[in-house]
Amino acid sequence: MAFKIIVSQCTQCGACEFECPSDAISFKGEGYVVDPTKCTECRGEFDTQQCASVCPMPKTCVPA
């Protein structure tokens, strides 16, 4: 299962885009989105999801 970004809570700081090891996050239209075909939930690379760990807004990067 991929992660998703709750657009209404996103501050558009861009931290998640630069931290994503699978390059699954990009800015589209009015906010950041996660490409579910690329998102690995950081499995095998990190103990926690990098998007969620760097996001300044709690519960904005969440499991889809």
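**A tour from the hairpin to the cysteines**

Begin by selecting strand 2 (residues 25-28) together with strand 3 (residues 31-34), which run antiparallel and are joined by 4 bridges. The model you have open is a predicted one, and the tour keeps to what can be located in it. Within this pair of strands, select Phe27 next and look across to strand 3, where Tyr32 stands opposite. Then move to the turn of the hairpin, which has 2 residues between strand 2 and strand 3, and pick out Gly29, whose phi is positive and near 60°.

With a relative accessibility of 8%, Cys16 counts as buried. If you show its surroundings, leaving aside the neighbours within four places in sequence, you will find Cys16 in contact with Ile5, Ile25, Tyr32, Cys51 and Val54. To relate Cys16 to Val33, draw a C-alpha to C-alpha distance, which comes to 10.0 Å for two residues 17 apart in sequence.

Cys51, one of the contacts of Cys16, is the next selection. How many disulfides are there by the distance rule? The count comes to 0 disulfides. Cys51 is accordingly in no disulfide, and the nearest cysteine sulfur, that of Cys61, lies 4.0 Å away, whereas a disulfide would need the two sulfur atoms within 2.5 Å. Cys51 also counts as buried, at 9% relative accessibility.

Finish by selecting Cys55 with Cys61, which holds the cysteine sulfur closest to that of Cys55; because the two sulfurs are 4.5 Å apart, they are too far from each other for a bond.

Terms used:
Residues are numbered from 1 along each chain as its sequence is written. This is a predicted model: local features need pLDDT of at least 70, side-chain atom pairs count only at pLDDT 80 or more; totals for chains, interfaces and linings use all residues. Side-chain values use heavy atoms; hydrogens and water are left out. Buried means under 20% relative accessible area, exposed over 50%, partly exposed in between (1.4 Å probe, protein chains only). Two strands pair if DSSP finds at least two bridges between them. Contact means heavy atoms within 4.5 Å.
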